[in-house]
Amino acid sequence: MTAYVALIRAVNVSGTGKLPKEELKAIGEACGFGNCRTFINSGNLLFTTNLHETEIKAGMEQRVSDYLGKATPVYVRSAAEMADAVRHDPFTDDKASRRFAHFIDERPAQAMLDEARDVAGERMALGPRLIYVSYGEGIGKTRLKLPAVKRGTARNMNSVARMAELLAGME
């Protein structure tokens, strides 16, 4: 069994996409996953399974979309991938609450960073199926426009590190 996290985009944020933790856990159990547990109320499901990532993604997206009544992307990462995300964070000199991993499905390319507009002190770097952004003054004050991350979902590095730790304990 491999430990994974499913990161659901735009749930329980600013009043959109209400998906209670109990319902998210039930969705994971309906998919046949073991050891289902949520992490904070922002669309993070940790679990174990022998299924392949593509099967996990398809099952979760269908069930979450059925529940919410709209297409909702899900980003799946293994315990090893989450540990790599923490290990390769290039901005550890900034507060973890101001550093974000923007998870995307494709391998990021430099062209994605080149599209950034209104950069004012933010730092960006490519990672393994993610883009790191250090928001300097904080995400609440940024005007950064990074089109590539609109196709993904973000978690601050405090959350990424904690989920990596929890996943490691599930394997």
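The model is predicted: local features need pLDDT of at least 70, side-chain atom pairs count only at pLDDT 80 or more, and totals for chains, interfaces and linings use all residues. Residues are numbered from 1 along each chain as its sequence is written, and side-chain values use heavy atoms, with hydrogens and water left out.

**Exercise 1. Check the span of helix α2 and find what its buried residues pack against.**

Step 1. Helices (H or I, at least four residues) and strands (E, at least two) are DSSP runs, numbered from the N terminus. Helix α2 covers residues 53–68, which is 16 residues.

Step 2. The expected span is 1.5 Å times one less than the number of residues. For α2 this gives 22 Å. The end C-alpha atoms lie 22 Å apart, so the two values agree.

Step 3. Buried means under 20% relative accessible area, exposed over 50%, and partly exposed in between (1.4 Å probe, protein chains only). In α2 the buried residues are E53, I56, K57, G59, M60, V64, S65 and L68.

Step 4. Contact means heavy atoms within 4.5 Å. The buried residues of α2 pack against strands β1 (2–8), β3 (44–49) and β4 (74–78), and against helices α1 (21–30) and α3 (79–87).

Step 5. Look at K57 again. A charge sits over a ring if NZ of Lys or CZ of Arg is within 6 Å of the ring centre and within 35 degrees of the ring normal. K57 lies over the face of Y75, 5.1 Å from the ring centre.

Step 6. G69 follows α2, and its phi is positive, near 75 degrees.

**Exercise 2. Classify the aromatic pairs Y4–F47 and F100–Y135.**

Step 1. Rings of Phe, Tyr and Trp (its six-membered ring) pair if their centres lie within 6.5 Å; planes under 30 degrees apart count as stacked, over 60 as edge-to-face and the rest as tilted. The structure holds three such pairs.

Step 2. Y4 and F47 are 6.0 Å apart, centre to centre, with 25 degrees between the planes: stacked. Y4 is in strand β1 and F47 in strand β3, so this pair ties together parts 43 residues apart in sequence. Y4 counts as buried at 10% relative accessibility. F47 is buried too, at 0%.

Step 3. F100 and Y135 have ring centres 5.6 Å apart and planes at 85 degrees, so they are edge-to-face. F100 sits in strand β5 (residues 99–103), while Y135 is in the loop between β7 (130–134) and β8 (153–156), 35 residues away. F100 is buried at 11%, and Y135 at 7%.

Step 4. Y4, F33 and F47 form one aromatic cluster.

**Exercise 3. Describe the surroundings of E106.**

Step 1. E106 lies in the loop between β5 and α4 (110–114). It is partly exposed, at 30%.

Step 2. Leaving aside neighbours within four places in sequence, E106 is in contact with M112, R129 and R151.

Step 3. A polar contact is a pair of N or O atoms within 3.5 Å; within protein, one must be able to donate a hydrogen and the other to accept it, and residues adjacent in sequence count only if both atoms are side-chain atoms. The side chains of E106 and R151 make one of 3.1 Å.
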